[in-house]
Amino acid sequence: MRGAAVAAVCVVVAGALTTASGTWFSPQWKAGWLITGLGLVAVAVAWPRRICEVPADEVKRRATAVLAFVWVLMLCVAAVAFALTVSVWFHGRELDDTATLRVQALTVECEDSGKHGQKCHYSYVVNGREYLGDGNFGGSLPVTLRVDPAHPGDLGRADQDYKLLWVGIVLSALTAAGAAWGLVDGERDLARLGRDGYAPEPEQDAPEARSVAEAEGFGSFVARKKMPGSAVFVGGCMGAVLLIVFGVALVAATGFGSAPSLVGVVLLVAAVAVVVLTVRRDRRDTARAPIVYGYESGMVIASERGCEPHSWQDVVPFEFMQALRSSSGHGSSSRTSYHRCLELRSPAGTKLLGFLGQREVDRFAELLAAYEVPRTQERLDRGESVTYGQFTLSAAALTVDGTAYPWRDIHHVTTADHEVGVVLRTGETISALPGETPHLRALRSLMAHRIRNGGSLTTEAEGEPGGGAHS
């Protein structure tokens, strides 16, 4: 879909250049608009589909795709505006060049036309024939008019207002160049983040983080995660789209004079500025976002404030499902999808970090489970009990909400997306919500181990948390 999306943009640009280089209403001019229209239809089809192909839990990648789409919209609008202003400018100059005959005219009447200034009615003679024409060439007597000898009755052919279009030509060209630069830059980012050229983060720790981890005795380095920056660009892109819509509407408005068109051009330029500033802010926030380095016994959060160590002993993980709304790619409808989240909290309940997406959740959840399971197993073997939310484990029984169930009475354990279930041999199921159960993966592993030692069937949830099925 990436190739089709980029090709659609190229078709729009090619059509606009074809129109701009053709004479007014020539076959080339018409073909250029036809090509541009087909390209716009292709853009409207290909780009939303390309955005929807990006998984919603890959926040940075989807946001980059949306930002690239904003650049595409700006490029298409600027290309169409450039083609229109250039063709109108050349057409106006061509008409003006044909007005080679100068005649003296009498001003019959002048009236104030409001938005268009003073409009006068003129009477003049060409080749012995009297003509009447309208225009704003002044009301003094006599008035010298320039007319086309081949069309002496059309004073509009000598209108020089077309010369003001150079402002639109320059602004649309600059806007198109800036949007093209933004699109190329966005494609580079998508190539780094996307499926076609996904470059995983370097799996090594920074020297500063390593020295802190060694001082804390965290053991070997395991994983690294660059946290996402702020979501300020989402609002910026939405604002830019609104500016583009209103700007195009004002520029295309006719019959209201030059003021609305001027305001529309200002809004289009403002949209470019908004997107540029949004990109700069997003990159700055991304560069300042903390990096999490995971080790065997803890993690180090590196940020502008320095390196902050956290032992896994002082970190409580919670896994749960989060609902995300996204476009379905069919009209304006949307769908709700659920994505796995991992939230790391302090023992006091303060949120330390949050991970979204199966890949990152698996990496750090398994890392925490690998640390928690041996420690808890030793405590259970010593006769102690350990509590995880509603579940309390001991060597003899599993206690749920104050009710003890001997391990020999438990048939198996299930962990699904929205439920943790303990199925008794009687067929009864005791359930709890994953989001309210800390150390979900460690709990599942510990319960499965105790069930096996009790001689019952192996748990059906030996895979990823949430991967087991209800029985």
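**Figure 1. Thr 278 and its contact with the backbone of Val 274.** In this predicted model, the side chain of Thr 278 reaches the backbone oxygen of Val 274 at 2.6 Å. Thr 278 belongs to helix α7, which covers residues 259-288. Its relative accessibility is 10%, so Thr 278 counts as buried; the cut-off for buried is under 20% relative accessible area.

**Figure 2. The salt bridge between Arg 50 and Glu 187.** The side chains of these two residues, Arg 50 and Glu 187, meet in a salt bridge, with 2.7 Å from N to O. This pair links distant parts of the chain, since 137 residues separate Arg 50 in helix α2 (residues 27-53) from Glu 187 in helix α4 (residues 166-193). Are the two partners, Arg 50 and Glu 187, buried or exposed? Both Arg 50 and Glu 187 are buried. The whole structure holds twelve salt bridges.

**Figure 3. The salt bridge between Arg 375 and Glu 372.** The closest N and O atoms of Arg 375 and Glu 372 are 3.3 Å apart, and the two residues form a salt bridge. Why are Arg 375 and Glu 372 separated by about one helical turn? Because they are three residues apart in helix α8 (residues 358-381), the separation is about one helical turn. Arg 375 has a relative accessibility of 29% and therefore counts as partly exposed. Glu 372 is buried, with a relative accessible area of 8%.

Figure 4. Arg 382 and Glu 384 form a salt bridge in which the closest N and O atoms are 3.3 Å apart. With a relative accessibility of 55%, Arg 382 counts as exposed. Glu 384, at 30% relative accessibility, counts as partly exposed. Salt bridges with shared partners also join Glu 319, Asp 362, Glu 366 and Arg 441 into one network.

Figure 5. A search of the whole structure gives ten aromatic pairs. One of them is the stacked pair of Trp 47 and Phe 69, with 6.1 Å from centre to centre and 15° between the planes. Trp 47 lies in helix α2 and Phe 69 in helix α3 (residues 59-98), so this pair ties together parts that are 22 residues apart in sequence. The relative accessibility of Trp 47 is 0%, so Trp 47 counts as buried. Phe 69, at 19% relative accessibility, also counts as buried, because the cut-off is under 20%. Tyr 124 and Tyr 131 form a stacked pair as well, at 5.9 Å centre to centre and with 20° between the planes. Both of these tyrosines, Tyr 124 and Tyr 131, are buried. Trp 24, Phe 25, Trp 29 and Trp 33 are linked into a cluster by ring pairs.

**Figure 6. Helix α2 and its buried residues.** Helix α2 has 27 residues. From its first C-alpha to its last, α2 reaches 39 Å, close to the 39 Å expected at 1.5 Å a residue. Which residues of α2 are buried? They are Trp 29, Gly 32, Thr 36, Gly 39, Val 43, Ala 46, Trp 47, Arg 50 and Ile 51.

**Figure 7. Leu 342 and the residues around it.** Leu 342 is placed in strand β10, residues 334-345. Its relative accessible area is 1%, so Leu 342 is buried. Leaving aside residues up to four places away in sequence, Leu 342 touches Pro 317, Phe 318, Glu 319, Leu 353, Gly 354, Phe 355, Val 361, Phe 364 and Ala 365. Between Leu 342 and Met 321 the C-alpha to C-alpha distance is 8.8 Å, and the two are 21 residues apart in sequence. Phe 318, one of the residues touched by Leu 342, has Arg 345 over the face of its ring, at 4.0 Å from the ring centre.

**Figure 8. The whole chain, for orientation.** The chain contains nine helices and 18 strands. Of its 471 residues, 42% are buried. Among contacts in the chain with a separation of 6 or more, 58% are between residues 24 or more positions apart.

Note on methods:
Residues numbered from 1 in each chain as written. Predicted model: local features only at pLDDT ≥ 70, side-chain atom pairs only at ≥ 80, totals over all residues. Heavy atoms only, no water. Helix = DSSP H or I, 4+ residues; strand = E, 2+ residues; numbered from the N terminus. Buried < 20%, exposed > 50% of the residue type's maximum accessible area, 1.4 Å probe, protein only. Polar contact = N/O pair within 3.5 Å; in protein donor to acceptor, adjacent residues only side chain to side chain. Salt bridge = Lys/Arg side-chain N within 4 Å of Asp/Glu carboxyl O. Phe/Tyr/Trp six-rings, centres within 6.5 Å; stacked < 30°, edge-to-face > 60°. Lys NZ or Arg CZ within 6 Å of the ring centre and 35° of its normal. Expected span 1.5 Å × (residues − 1). Contact = heavy atoms within 4.5 Å.
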